[in-house]
Amino acid sequence: MTTDTLNPDLAAYLDEVTAPFPEDSVARIRADLTGHVLEAVAARDGLELREALAALGPAAEVRAALEAQYFTRADVAWLERDGQLRRLLAGGATAPAPLWQSALGCVAAVALLTWLICGWPGIPALIGSRSFTWAVPALLLLELVLLESVRRLILRQPARSAAVLHRMYGTLLAPLGFALSLPVFAPGVVTEPLLLAAALGAALLWAYLTRPREALALAGKAWRGAR
């Protein structure tokens, strides 16, 4: 039997504070607040449990502060309107591969794509007609490292925040990758302002039309690492 079930004041306080949160968050919040109260009581002789609760602040204020750190049940219900987000929330974000595997994958991808586009010294291009230049593998490596770094930063967040950010990352990946790949796959476009503007405009329009509204609404909360 826990302390909050033994003390009606503590139980009522915790019930009010945790009312809007999912069950897993409720368990964490109750444990944290109970521990904080008991530590305060133990650290000061004669301190009543009711006084320790008062020192925490009104339940409404504590709940408002926690709503910036945790997703509420209403937040989760809103996110689950998006099918992809619902699957991410249910399955959890996949842990990133070891760094050496990601590095090896990037090197292999750069080697293959460079061979396809412009070949390597002494090895003709498989499908392209461009002559080899070190700018191609350098730009490809920069693009892949950037995308992989962003993905790893996302996966370091708590599960719900990671799901929201991963959904946004997936939506932005196509236009971002398209923009970064233009200098590699179509260098002539970069020197044509109208073609470049049209290509980037089309990518941005596609991103806008397919934007995940549910994820965007709570992006700030996810960026702050809410649980």
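Biologist: Where is R167 in this predicted model?

Modeller: The model is predicted, and in it R167 sits in helix α10.

Biologist: Why does R167 count as buried?

Modeller: Buried means under 20% relative accessible area. R167 has 11% relative accessibility, so R167 counts as buried.

Biologist: Which residues is R167 in contact with, leaving aside its neighbours within four places in sequence?

Modeller: R167 is in contact with D82, Q84, L85, L88, P212 and A215. The cut-off here is heavy atoms within 4.5 Å.

Biologist: P212 is on that list. Where is P212 found?

Modeller: P212 belongs to the loop between α12 (193-209) and α13 (213-217).

Biologist: What makes P212 buried?

Modeller: The relative accessible area of P212 is 4%. The limit for buried is under 20%, so P212 is buried.

Biologist: What does P212 touch, not counting residues up to four places away in sequence?

Modeller: P212 touches D82, R167, M168 and T171. There is also a C-alpha separation to give: P212 and G170 are 42 residues apart along the chain, and 9.8 Å separates their C-alpha atoms.

Biologist: Why is A159 called exposed?

Modeller: Exposed means over 50% relative accessible area. A159 has 56% relative accessibility, so A159 counts as exposed. A159 lies in helix α10, and its C-alpha atom is separated by 9.1 Å from that of G225, 66 residues apart along the chain.

Biologist: Which residues is D9 in contact with, once neighbours within four places in sequence are left aside?

Modeller: D9 is in contact with R50 and L53. As for L49, D9 and L49 are 40 residues apart in sequence and 8.2 Å apart in space, C-alpha to C-alpha.

Biologist: Now the helix pair. How do α8 and α9 pack?

Modeller: Two packed helices are described by the angle between their axes and the distance between the axes. For helix α8 (residues 99-117) and helix α9 (residues 135-155), the angle is about 145 degrees and the axes are 9 Å apart. The crossing of α8 past α9 is right-handed.

Biologist: Which residues of α8 and α9 meet?

Modeller: From α8 there are L99, S102, C106, A109, V110, L113, T114 and I117, and they meet V136, P137, L140, L141, L144, E148 and R152 in α9. By class, this contact has eleven nonpolar, two polar and two charged residues.

Biologist: How much space lies in the largest pocket?

Modeller: The largest pocket holds about 350 Å³ of space. Its lining has 14 residues, and the closest to the centre are V150, I154, L165, Y169 and W223.

Biologist: Which helices supply at least two residues each to that lining?

Modeller: They are α9, α10 (159-185) and α14 (219-223). The largest share, six residues, comes from α10. By class, the lining has eleven nonpolar, two polar and one charged residues.

Biologist: How many helices and strands does the protein chain have?

Modeller: The chain has 14 helices and zero strands. Of its 227 residues, 36% count as buried. Among contacts between residues at least 6 apart in sequence, 66% join residues at least 24 apart.

Terms used. Residues numbered from 1 in each chain as written. Predicted model: local features only at pLDDT ≥ 70, side-chain atom pairs only at ≥ 80, totals over all residues. Heavy atoms only, no water. Axes fitted to C-alpha atoms, helices over the stretch in contact; angles between N-to-C directions. Helix = DSSP H or I, 4+ residues; strand = E, 2+ residues; numbered from the N terminus. Left-handed = near helix turned anticlockwise from the far one by under 90°. Nonpolar A, V, L, I, M, F, W, Y, C, P; charged D, E, K, R; others polar. 1 Å grid on protein atoms, 1.4 Å probe; cavity = no way out; pocket = protein on both sides within 12 Å on 5 of 7 lines; lining within 4 Å. Points joined across faces, edges and corners; volume = space filled by probe spheres on them. Buried < 20%, exposed > 50% of the residue type's maximum accessible area, 1.4 Å probe, protein only.
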